[in-house]
Amino acid sequence: MTGSVLDLARPDILELQPYQHAAWDPALERMHANEMPWRAQGDNTRAGLNRYPEPQPKALVERMAQLYGAPVQQVLVGRGSDEAIDLLVRAFCRAGQDSVVITPPTFGFYKVAARIQGADVIEVPLLRDGFRLDTSAVIDAGRRAKLVFLCSPNNPTGNLLGEEAMLQVCCALARQALVVLDEAYLEFAGRPSLAGRLAEFPNLVILRTLSKAYALAGARLGTLIASEEIVGLLKRIIPPYAIPASTVDEVLNLTEAPQRASAAARIGTLLAEREVVRQHLERSRNVVSVHPSDANFLLVECRDAYAFLAAGKSAGLLVRDFSSAPRLTRCLRISIGTPDQNRRLLAAVE
Ligand SMILES: Cc1ncc(COP(=O)(O)O)c(C=O)c1O
């Protein structure tokens with residue numbers, strides 16, 4: 001590698017002539033994008049849904065840059081962090097040749113996105129003791145891979161990964177692989193993002209989402225924060241007009257200062273509820289252990305996971321079954337709900 005992180009990208013993607021979407025110039029009237037000139041009947045939206053939205057909408061990119069404390073040139077917005085994961089795998093992994101590293105048990109889409117692209121998946125399990133990173137094994141595997149996915153706080157185990165360990169991985173793989181750090185649940189941990197370390201580690205990529213702490217999963221808005229080179233490359237392959245106009249408007253409205261203050265207060269309420277649920281579950285006869293959590297869910301090892309699930313369903317409540325996943329035998333993941341939902345679940349399982 002000669003020094004640019006782009007040397008890790010697929011050569012054919014680097015050479016790709018990107019799709020030329022219709023020029024975005026709000027000062028001019030649009031007769032260049034084969035749109036209808038009239039709105040659909042009843043369309044009261046700001047921009048009019050007859051018009052294609054702005055690619056990488058400037059106001060939205062600025063808002064996410066402000067929210068996550070990153071320069072605008074280092075921000076890419078997409079349809080959830082799922083889209084960012086997909087774009088990374090497609091831009092960096094050649095089918096049948098390149099690999100990604102994952103650290104199970106972890107978020108399932110990393111593996112699926114890699115497999116869809118035809119990339120190999122190297123699994124370096126988290127250590128049994130506290131689901132910590134097996135740092136040296138991740139570094140060894142990373143030397144044979146293009147992308148290393150780390151998730152902190154990790155889904156479904158709920159724990160943060162050690163900051164020093166993650167930075168050690170970035171440092172050791174500086175010229176060999178991108179380290180993709182998924183911070184989907186970071187707001188619940190009250191810890192600073194590693195986005196502040198991007199200048200030191202050009203191979204670091206951070207993923208954030210509005211789907212969790214900001215209560216906007218239905219809007220589908222994820223943010224990738226990385227070096228300008230990586231953001232520039234991904235802009236070349238993200239589908240044209242990726243973000244729907246309605247999402248742009250809703251997200252801009254729902255991430256203003258009052259909404260941000262309300263989201264922060266809700267996080268406080270959720271964390272207090274998480275503690276109540278944890279304490280009750282620890283006393284439950286059907287619970288072996290509740291794993292420590294820095295996220296908005298709890299991973300619970302049951303004596304009889306089936307009975308727990310059935311009790312929840314009888315109260316009209318679904319929790320996530322991981323009991324047949326490797327290393328998560330008899331485990332369920334409970335997303336903390338409203339106080340009423342939590343109490344109904346606790347009453348049902350008792
Ligand atoms: C760790 C992690 N990353 C990413 C996602 C996907 O988030 P988004 O809604 O932004 O696509 C999830 C969703 O559950 C997740 O748990």
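A crossing of two helices is called left-handed if the near helix is turned anticlockwise from the far one by less than a right angle, and right-handed if clockwise. The crossing of helix 2 and helix 9 is left-handed, where helices (H or I, at least four residues) are DSSP runs numbered from the N terminus. This is a predicted model, in which local features need pLDDT of at least 70 and side-chain atom pairs count only at pLDDT 80 or more, while totals for chains, interfaces and linings use all residues. Residues are numbered from 1 along each chain as its sequence is written.

The axes of helix 2 (residues 58-68) and helix 9 (residues 245-254) come within 10 Å and cross at roughly 35 degrees; such axes are lines fitted to C-alpha atoms over the stretch in contact, with angles running from 0 to 180 degrees between N-to-C directions. Helix 2 takes part in this contact through Ala59, Leu60 and Arg63, and helix 9 through Val248, Val251 and Leu252, two residues being in contact if their C-beta atoms, placed from the backbone, lie within 7 Å.

On the scale of the whole protein chain, the domain assignment, which is automatic or comes from a database, gives domain 1 (5-255) and domain 2 (258-349). The C-alpha centres of these two domains lie 28 Å apart, and their contact takes 20 residues from domain 1 and 20 residues from domain 2.

Around the ligand, the surrounding residues include Gly80, Ser81, Asp82 and Phe107, a residue being near if its C-beta atom, placed from the backbone, lies within 6 Å. Helix 3 (residues 80-92) gives the most to this shell, with three residues.

Conventions:
Helices (H or I, at least four residues) and strands (E, at least two) are DSSP runs, numbered from the N terminus.
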